[in-house]
Structures are given as structure tokens and as C-alpha cells.
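Here is a short report on one chain.

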Amino acid sequence: MIELKNLSAGYGGQDVVHDISLPFTPGRILALLGPNGCGKSTLLRTALGLNPKSGGEVLMDGTPLDALSPRERALKAAYLSQSRPTPNIIARRMVLHGRFPHLSYPRHYRKEDYTAVERALDWADARDVADLHMEELSGGQRQKIYLAMALAQEAPTVLMDEPTTFLDVGHQLEVMAVAHRLADEGRAVVMVLHDLPLAMRGSDEIALLSGGRLVIHGTAEEVYSSGELDRVFGVALRRVETDIGWQYYYG
């Protein structure tokens, strides 16, 4: 489990994340919401040690992040970043990179590594493009390969920064289905999302950020009832009860 305690972080001596305390709970999907530039990506990167903190602490299974090696951190948390390079390699080889934390150097892939990769490709619905070069893939296909790479890491916490980017509606729902499967396995799933109805419908918890600060953290019901979403985003989010639960829309 990852826990943020009074975490502050930023760039060039200027904090963009201020005093945030938040748990990433096993078996739960947490959606990070907030306007562009409010610190969502910085928060994820700092939680992984990819961005230095200026205050507070990050605990991984009770151990301070600073006391763990990069490999130990990678065994505890996988990360699907918002922007990634596109190397000229076969997509399946790209997914194998997710197994690096499990290997010693020099790297020799084992049967269990290939098994994890094939499972991840199935989960990400990416098997049909696995034998193509990354440069041949569309934006949506690349997104599915990078999702598979994160899944192949088999870490107990999975952090995803805008995982539905470049994906059509059907594949966005598939990503949410994958998130639920991970949570059902007992993993903590944290997702930066911009589609408010999708986030409210598909998440167990919502953390709403504004100006680098945590506005509210709670269930979709609690966050909706607070009215903070309308205030922070300047929209009118409404809902209707259906046979499959609350459905959210912009009024």
C-alpha cells in the first residue's frame, strides 16, 4: 500500500502540489480529478520517486520511499505515464520491458515472464498488434501496448496517468474493466481521468484537486453531493438513476 502524508512537490523551487495526504488502498480504484495544471501528474510522479518532494513523505508498505531502491519501488508500483517515447521495436518486446524489475542483470527472460506478457496483452486487448513495430501503431494501439507493459509488471499498485487518451469510447470502457479486474485481485489502482462521468461511474473513490491542493476525497456519492465538482470545473454535472446504478452527464 502507498500512503501520501502531507506531501508537497514541484519544480524549480516552486511547489505545485501542497500538503496532500492520501492513501492508495488495495482493492480500490481511486480517480484523480482536477483541472489541467492542478498537480495530478506531479502527484503520481512524486509518489513513485520520479519527482523530488519538498515536504511530507511517501510510504510504501510502511517504509519511507527514500529508503527503497528504484528496483524495490518498481516491484511495488507500476506506472503508465502520460507521455512516452516510441522506440522502433516490436510491440511485444516493449511489453517485456515491464518485467525488468523482476530480472537480474544481465537480463534473461524466464517462462513466467513470457506468461505474464501474454496475459497482459490479453487484458489490454493488444494481442492483435503485438508483433508489429511500435512506429507502425496508431496512438490508441500504442496506448494499449503501454498499458500492457504496466500490467506485465504485476505490481500490487498500478498508477495510470490519463490511460484513456487516444482511445475510443469502447476501449475507454475496456480500460475501466481492466481497472476493476485489478482491484478485484486486491491491487490498488489510481487513475488520472478527465472524463468526469466515466470517473464517477467507474471508481470506488474520487480525489479532487484544485490549485495543487486536495479539495475532497471520498466516494462518488460524497464528492457529487458536496457540489465541489461543479465549483472546481465550472460545469453542471448531473445524474440519473438507472437499472445499473447512477449515470452521470453534463447538464
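## Fold and basis

The chain has 9 helices and 12 strands. Helices (H or I, at least four residues) and strands (E, at least two) are DSSP runs, numbered from the N terminus.

This is a predicted model: local features need pLDDT of at least 70, side-chain atom pairs count only at pLDDT 80 or more, and totals for chains, interfaces and linings use all residues. Residues are numbered from 1 along each chain as its sequence is written, and side-chain values use heavy atoms, without hydrogens and water.

## Size and packing

A compact globule of 251 residues would have a radius of gyration near 18 Å, and the chain agrees at 18 Å. That radius is taken over C-alpha atoms; the globule rule is 2.2 Å times the number of residues to the power 0.38. Along the principal axes, the C-alpha atoms fill a box of roughly 50 × 45 × 30 Å.

Of the 251 residues, 47% are buried. Buried means under 20% relative accessible area, exposed over 50%, partly exposed in between (1.4 Å probe, protein chains only). Among contacts with a separation of 6 or more, 63% link residues 24 or more positions apart. A contact means heavy atoms within 4.5 Å.

## Helix α5

Helix α5 covers residues 139-152. The expected span is 1.5 Å times one less than the number of residues.

In α5, 11 of the 14 residues are buried, so the helix is largely enclosed by the rest of the structure. Among the buried ones are Gln143, Lys144, Tyr146 and Met149. Their cover includes β6 (77-80), α3 (91-96), α4 (111-123), β7 (157-161) and α6 (169-184).

## Backbone exceptions

Most residues other than glycine have a negative phi, and most peptide bonds are trans. Glu154 has a positive phi near 55°. It sits in the loop between α5 and β7 and is partly exposed, at 35% relative accessibility. Glu162 also has a positive phi, about 55°. Its place is the loop between β7 and α6. Glu162 is buried, at 16%.

The bond joining Tyr105 and Pro106 is a cis peptide, with omega about 0°. Pro106 lies in the loop between α3 and α4.

## An exposed glycine

Gly12 is in the loop between β1 (2-11) and β2 (14-24). Its relative accessible area is 85%, so Gly12 is exposed. Gly12 and Val178 are 37 Å apart, C-alpha to C-alpha, and 166 residues apart in sequence.
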